[in-house]
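This report is written for a reader who is new to the structure. Please look through the sequence and the model before reading on.

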Amino acid sequence: MLNFLKNLYYSFPIQLLILHFRKYQVLLIFWYILFSTIGSGFMKNFGADALFLAPEYLGNVNAAGGALVGISVAIYIMSWNITTFILHSKRCRFLATTSQPFLKYCINNGIIPLVFIIFYFVCAYHFDIKKELIPVWQFIIIVAGSFGGFSLLLGFSFAYFFSADRRIVRTIKPLAKDVYKKATFTTKKTEALYTNYGMKVGYYFDARFKLRKARDVRHYGEEFLEQIFKRHHFSAMISVIMAFIFMVFIGFFLDNKIFQVPAAASIIILFALMIAVIGALAYFLESWSILFVILLFLTLDILYRYEIIDPRNKAYGLNYNNRTERPLYSNEALLQLCDTAKIASDKNNMLQVLNNWKARQGEEKPVMVFLNFSGGGVRSASFAMNILQGLDSISNGSLFKKTFLITGASGGTLSAAYFRELYRQKQNGAPVNLQDRKYMDAISGDLLNPIFSSMIARDLFSPAQKFSVGPYRYVKDRGYAFEQKLNENTGGILDKPLNNYVQDEKNATIPMIIFNSVITRDGRKLMICTQPLSFLMQSDFTHSDRVVNTTDAVDFSSMFARQDPMNIRVLSALRMNATFPYVLPSVWLPSNPIIDVMDAGMRDNFGQETSLRFISVFKEWIKQNTSGVLLIQIRDRNRGGWERPLETNSIGGMLTKPASVLQSNWYKLQDYFQNDQITYAQNFLDSNFHRITFMYLPQDEDKGATLNFHLTAIEKNEIIASIKRPNNQQAFAEVKKYLLPTKNVRVVKASAQKAVSR
């Protein structure tokens, strides 16, 4: 038994496993991330596990998507094997005396990959059956696709290495006899090399998975062994270069959705390339690798500072060409955009819009509706579309007629803009059924596949490709991929410049939308709208001695008046509003100094702050011309978040608490602040202010829909079911009281009671 354990310990697979943990542990980080993600640990709240376990391709979870993920896993495993073979071959020199040394290395290096594959399919089975609601027979087909793709790539790879191995044998064989004659068997030099660089190995698996005893290679010359390994290393590096060229090639065809592979496949391929790069640096530069990385970073930073290279993303439709007319971004310059004369002019313009809105109501004092939408990716977009369809139904189609302003963040705003355009087309005579389920399916469609495909193929490898919006040219990157996919999902109806909506919003035939985002330089809010908004750039003080020497918001159209601001695409305005960090690139704007913006949720994830400031500015008009304000908030999370408080029950938690407390309580802090704002609004409107909130509350908090640009089948069903829960049914009943005529109050109460009971 003792001898068996000793042989097991000194077997090549076990020694390789130990070697990975002893040397180059950084390569194991990628395995850890993959294992943790698939096990629903790493980034679970963002739905990362769904990307791997239910890969979507061409709009469905299918065998083709499984095959592409299988191919990517095979690429990753081959990259892992190639890189570690190059790094560790000097420690396992006995392989040089065998045929097909790389194949034998892969077989004996298969512990981690084999465990990963088994773990992957076990997790995929539970996930696909329980969360994607996929029938067993369909799951078997998906697994077959995964195995097919995996086997195809491995077969291609080993065919290449077999061919390379035969060439190496033919070229090295004539030298073998001479080298063997010159070799010294027991010199101190040879023994020292074997002891220092060798690895004690008893047995290994051959190509037929049979145990073989490792040969002593001390009688071979060092130069001979080096020649064999160098030629195998060269063949391995050629394969990596071929993979790199392939990724460059793919980048030119990403506009075709056939090449938009599942997000999981893109991530795995990225990991494979990162492993190859790290291995190359460690092999060629050895101890100089860290210094090389530092110098490379400094060089790129200098090129970026002087705008020789420019990886930044732009707002499509905006003019970036004229550098001499870029507006100054400073406190003084911003104050000039909202001086007394400008505010008065913009207020008069907005009063005309308000009067146009009132004229369309057919009532002396109609209720004025404001719609606020929370961020939350596709989860929020799907929930918002469900609620909008429900509100349109219970109001007999009058919801958007009574709505004056829409604000919000991220996913919720995607739905709001989409629904508004559908409403607009219906007003213009198009045969649009606003209650059609296909619109919810469209807005909840996957957005991640093209983002990650573009991130890997275009952003990192392929040369810059450009496209035009009007007279201006821009580089295609993952921001462009996001807009194109959103445009495809929504049937192309949002692919319009902002100026396409100017007159409709001016005439109040459709609600006005303010697209918010946050300027990362100082936290100011950037407001994009068809109408000038200088009166929203500062808090509205009514005290006689008011002194305001700064702004906390920026009117986009005023600041970039010389950059053709109304030519910006609505899709770009939506993306700027929904720029989830790292997933989408921040958008830079042509100011001096340059500023960039990101997700509106950083400042106001619920869209309420802008609405309340607008109400405060025009409170006198609202008092005189309306019966009050109804603020409808549609949010994808509970208020306060008491069900998930921040807890620190470990030493690690205690150490990370200062960094995690803000992230954990970010939305709660916004809620606390905005609840105070609601109180103030009720006071200055003499209590003619009402807020009704629709909330996505999952039946099981641990199984709720994740914050992501991708939803599983069960998450979509869960969101649809949430509309019938008591809190939302009660909210619908409350909304009816304000949206329907007074003569129907009794009917409303009766239907509300039935709705609540359901």
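## Confidence

This is a predicted model. The protein chain has an average pLDDT of 80, and 78% of its residues score at least 70. In residues 179-197 the pLDDT is below 50, and this stretch makes 21 contacts in the model beyond near neighbours in sequence. Residues 743-758 also have a pLDDT below 50; beyond near neighbours in sequence, that stretch has 10 contacts.

## Overall make-up

The protein chain has 758 residues, and 54% of them count as buried. Its secondary structure consists of 30 helices and 16 strands.

## Helices α11 and α12

Helix α11 covers residues 263-285 and helix α12 covers residues 289-305. Their axes come within 9 Å and cross at roughly 120°. An angle from 65 to 115 degrees would count as roughly perpendicular and one over 145 as roughly antiparallel; α11 and α12 are therefore oblique to each other.

On the α11 side, the residues that meet α12 are Leu281, Ala282 and Leu285. Their partners in α12 are Ser289, Phe292 and Val293. By class, this contact of α11 with α12 has 5 nonpolar residues, 1 polar residue and no charged residues.

Terms used: Residues are numbered from 1 along each chain as its sequence is written. This is a predicted model: local features need pLDDT of at least 70, side-chain atom pairs count only at pLDDT 80 or more; totals for chains, interfaces and linings use all residues. Side-chain values use heavy atoms; hydrogens and water are left out. pLDDT is the predictor's confidence in each residue, from 0 to 100. Contact means heavy atoms within 4.5 Å. Axes are lines fitted to C-alpha atoms, for helices over the stretch in contact, and angles run from 0 to 180 degrees between N-to-C directions. Helices (H or I, at least four residues) and strands (E, at least two) are DSSP runs, numbered from the N terminus. Angles under 35 degrees count as roughly parallel, over 145 as roughly antiparallel, 65 to 115 as roughly perpendicular and the rest as oblique. Ala, Val, Leu, Ile, Met, Phe, Trp, Tyr, Cys and Pro count as nonpolar, Asp, Glu, Lys and Arg as charged, and the others, Gly among them, as polar. Buried means under 20% relative accessible area, exposed over 50%, partly exposed in between (1.4 Å probe, protein chains only).
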